[in-house]
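Please read the sequence alongside the coordinates. The paragraphs below go through the structure one region at a time.

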Amino acid sequence: MRIKKSLMLLSLAALVVFPGCKSSGSASETSVPASTTPSPVESGKPTPTPASTPTSSSPPASQGTSASVAMKKVTAVRLADPKAGWIGGDGWLAHTDNAGADWKVQYTGKGTIRQIFALNGQEAWAVQGDSNNLLATTDGGKSWSATGGHLPSSAFLHFVSKQEAFSGNGQTKDGGKTWTTLAVPEGISGDSYFHDAKNGWAARQKGANIEVLRTQDGGQHWSTVMTKPTVASVTGTIIRSAGADDAWVAFIGESGMTQTSYSLFHTRDGGKNWQTVLVNSTAGGGPAPGFPMEGSAGPKNTGSKPGPLYVASPDVAFMAGLCPACDKPVTVGSTTDGGKTWVNGKQSFTGYGDPLLAIADAKQGWLITNDNEQPSVMYTTSDGGVTWKSVHTFDAPK
């Protein structure tokens, strides 16, 4: 068994583990970080953030071809439907309309693509470079152009209309040109998540408890909707929402021996009731946040630390598990009943870099594995992750 450098996650954006892991044999959205600096207190009315001035890291869009651009390590993915979607890498964006069998490079420019979000098959956005410049297309990627703005943070980006989007507690109403800041509670861990202009979620550790907080008025007032005592310290969180009253909240705990503990909770009624989805305590990382030292009640994801979390609906969520000490370190588990049951996939995959997930529904999704020495590989499933099929091998990283 060969030993590789351990994987560290989210940074999320914007989504572990047990003592054991498999060595043979399948996600915005963004790996979960092992640690996240708490956000500062924000209060008062939203304040405008001026649009960025285009620089060398946000050049005019240029067209590329698959033959002229090396599609090496894939850093972002988003599907518009099970057959069509986009991926990005260091200085390029590419599109497929046959579920990844073939790709056409649509854009080349400076800066690594950090995130992609597709509102539909025609309208999509990409976050580019360390300064989070925002690119956009309205014609399915035939042309990409800089919006003139940039994300205020690296939090998960999602558009709710052509003009309105959210990234953490940042909100834009003009397609990403300018951003305002929505108020969040003091001492939150990781990024908040606003499903829309009124409904938002945040999580934190407060003393010996973990908490989930909710707002229904755009951040003006927050209420605590879940409190659980915890032994483990919280080092990060990831939040996703598939409806005004829906929230999936992962608390990342402590790490040791390439293992990281975490827990995942879900509510579909605004926080009145919570489903424990995953309780991944580990020998190296200790108990999962929200559970006692000896606590082990709850389903477990495979792997020894968390991979990306992808929420497709209030019923459907997929999450990768990572095992840095395994020959095939990537696995994928899922739920199709809102977290009441969790099914671990039986396949495992090579690739010691951060994997990526993009899920269409309960049956169909994409997985892309990465490695510093081997090419990225794309897999698809049409049976909810029971089986994954390799559909494309990208260019070698060197």
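**A disulfide and the strands around it**

With 60° about the S-S bond, the disulfide that links C323 and C326 is right-handed. Its S to S distance is 2.1 Å, and the criterion applied is a pair of cysteine sulfur atoms within 2.5 Å. By this rule the count comes to one disulfide. A disulfide is a covalent bond between the sulfur atoms of two cysteines. Both C323 and C326 are buried, where buried means under 20% relative accessible area, exposed over 50%, and partly exposed in between (1.4 Å probe, protein chains only).

This is a predicted model, in which local features need pLDDT of at least 70 and side-chain atom pairs count only at pLDDT 80 or more, while totals for chains, interfaces and linings use all residues. Residues are numbered from 1 along each chain as its sequence is written, and side-chain values use heavy atoms, with hydrogens and water left out.

The secondary structure of the protein chain comes to zero helices and 27 strands. Helices (H or I, at least four residues) and strands (E, at least two) are DSSP runs, numbered from the N terminus. Of the 398 residues in the protein chain, 56% are buried. The chain exposes about 15400 Å², and carbon and sulfur atoms supply 51% of this area; accessible areas come from the Shrake-Rupley method with a 1.4 Å probe, and for residues only the protein chains shown count as cover.

β21 and β22 pair in the antiparallel sense over six bridges, pairing being assigned if DSSP finds at least two bridges between two strands. One of the bridges joins M319 to G333 in β22. β22 also pairs with strand β23 (residues 343–344), again in the antiparallel sense, over two bridges; here the bridge partner of S334 is V343. Six of the six residues of β22 are buried. Both of its faces are covered, with V330, V332 and S334 on one side and T331, G333 and T335 on the other.

The largest one has 30 residues, of which M71, I87, W92, W103, L357, L367 and W388 touch the most other members. The strands that each supply at least two residues of this core are β2 (76–79), β3 (85–96), β21 (317–322), β22 (330–335), β24 (356–359), β25 (365–369) and β26 (377–381). The largest share, four residues, comes from β24. M71 touches I87, W92, A94, W103, V105, F394 and D395, not counting residues up to four places away in sequence; contact means heavy atoms within 4.5 Å. A second, separate core has 16 residues, including Y193, I210, A247 and V249. In soluble globular proteins, nonpolar side chains tend to be buried together.

Strand β12 (residues 193–194) and β13 pair in the antiparallel sense over two bridges, and Y193 has W201 in β13 as its bridge partner. The two strands form a hairpin with five residues between them. β13 then pairs with strand β14 (residues 209–215), also in the antiparallel sense, over seven bridges. In β14, T215 is the bridge partner of G200. β13 and β14 form a hairpin with two residues between them, and G207 in the turn has a positive phi of about 65°. Five of the seven residues of β13 (residues 200–206) are buried, so this strand is largely enclosed by the rest of the structure.

A loop residue comes next. E164 lies in the loop between β8 (157–159) and β9 (165–167). Not counting residues up to four places away in sequence, E164 touches F159, Q171, T172, K173 and A197. E164 and A197 are 33 residues apart along the chain, with their C-alpha atoms separated by 8.9 Å.

Four strands form an open sheet in the order β16-β17-β18-β19, with antiparallel pairing. β16 (236–240) and β19 (275–280) stand at the edges with a single partner strand each, so one side of each is left without a neighbour in the sheet. β16 and strand β17 (residues 247–256) pair in the antiparallel sense over five bridges, and I238 stands opposite A250 in β17.

Methods: Core = buried A, V, L, I, M, F, W, Y, C linked by side-chain atoms within 4.5 Å.
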